[in-house]
Amino acid sequence: MADGGQRHTGLVRALSGTLVIAAGVVPIVVNYSYLSSNAGDDRMIAWTAAGCGLLGVLMGLWILLARRTGGKPLVVTRRKWRYGASIIMVVLGSGLLVAALTASQPQTVTGVPALFIGNSMLQLFVPEGTELDEAVQLSDAQRRTWRRGIAVLAAVGVLALCGAVALAVSGNLSAAGFIVPFGVMFLLFAVLMKRQFARRQNEAPQRT
């Protein structure tokens with residue numbers, strides 16, 4: 001069982017690390033020719049996008065090479081909602097990258113997907129022993145915290161989409177297209193968090 005778990009962790013680490021590095025390399029390659037551009041705006045945009053890409057590459061290398069954190073071995077999470085969130089982030093990031101690559105270059109947004117995908121892959125790895133099997137009853141304070149978190153995520157998502165609509169109506173389609181993925185991301189995270197909260201409520205022992 002231990003060997004199987006190690007192989008599973010190694011496979012997830014290799015696939016996710018490679019994916020994040022690839023997402024980070026793309027904006028570096030796409031914006032490389034603009035890094036020394038005579039146009040100040042293009043140069044600044046290119047360096048910003050390439051910097052995001054570099055951060056993505058570093059996150060990918062950490063995923064591939066890191067084995068321990070806080071003195072504990074890193075293992076793959078057993079929380080299904082984390083996988084769902086990661087898939088959503090990868091899909092959003094990939095769609096955003098494709099849309100950015102079809103636009104005229106340079107584009108700052110070409111570097112954003114690397115951060116999206118990198119963060120989504122990082123959450124798949126947790127220190128061993130930090131995820132307990134037994135369901136623990138949530139306290140009243142914890143329930144309030146969960147509900148506030150869900151409400152904040154949903155509110156930010158709705159406000160972002162409203163802002164995107166306002167920008168689109170005013171004719172700023174590029175800014176609207178940039179904001180829409182963030183709004184959708186926050187709303188999806190609110191849905192995932194609500195489902196996880198309901199699951200925790202159902203699994204936890206009831207008070208007597």
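Trainee: How many strands form the open sheet, and in what order?
Mentor: In this predicted model, 3 strands form an open sheet, arranged in the order β1-β2-β3, and their pairing is antiparallel.

Trainee: And which strands stand at the edges?
Mentor: Those are β1 (68-69) and β3, each of which has a single partner strand, so one side of each is left without a neighbour in the sheet.

Trainee: Over how many bridges do β1 and β2 pair?
Mentor: Strand β1 pairs with β2, residues 72-76, over 2 bridges in the antiparallel sense, and the bridge partner of R68 in β2 is P73.

Trainee: Switching to the largest nonpolar core, which residues touch the most other members?
Mentor: Of its 14 residues, V12, V20, I63, I117, M121, L124 and F125 touch the most other members, while α1 (2-31), α2, β2 and α4 each supply at least two residues of this core.

Trainee: What is L124 in contact with, leaving aside its neighbours within four places in sequence?
Mentor: With those neighbours left aside, L124 is in contact with V12, V75, V76, T77, R82, Y83 and S86.

Trainee: Where does Q123 lie?
Mentor: Q123 lies in the loop between α4 (112-122) and β3 (125-127), and, not counting residues up to four places away in sequence, Q123 touches T77, W81, R82, A85 and S86.

Trainee: Why is Q123 classed as buried?
Mentor: Q123 counts as buried because its relative accessible area is 19%, and the cut-off for buried is under 20%.

Trainee: Last one, how many residues does helix α2 have?
Mentor: Helix α2, residues 40-65, has 26 residues and reaches 37 Å from its first C-alpha to its last, close to the 38 Å expected; its buried residues include A46, C52, V57 and I63.

Definitions and conventions: Residues are numbered from 1 along each chain as its sequence is written. This is a predicted model: local features need pLDDT of at least 70, side-chain atom pairs count only at pLDDT 80 or more; totals for chains, interfaces and linings use all residues. Side-chain values use heavy atoms; hydrogens and water are left out. Helices (H or I, at least four residues) and strands (E, at least two) are DSSP runs, numbered from the N terminus. Buried means under 20% relative accessible area, exposed over 50%, partly exposed in between (1.4 Å probe, protein chains only). Contact means heavy atoms within 4.5 Å. The expected span of a helix is 1.5 Å times one less than its number of residues. Two strands pair if DSSP finds at least two bridges between them. A nonpolar core is a set of buried Ala, Val, Leu, Ile, Met, Phe, Trp, Tyr and Cys residues joined through side-chain atoms within 4.5 Å.
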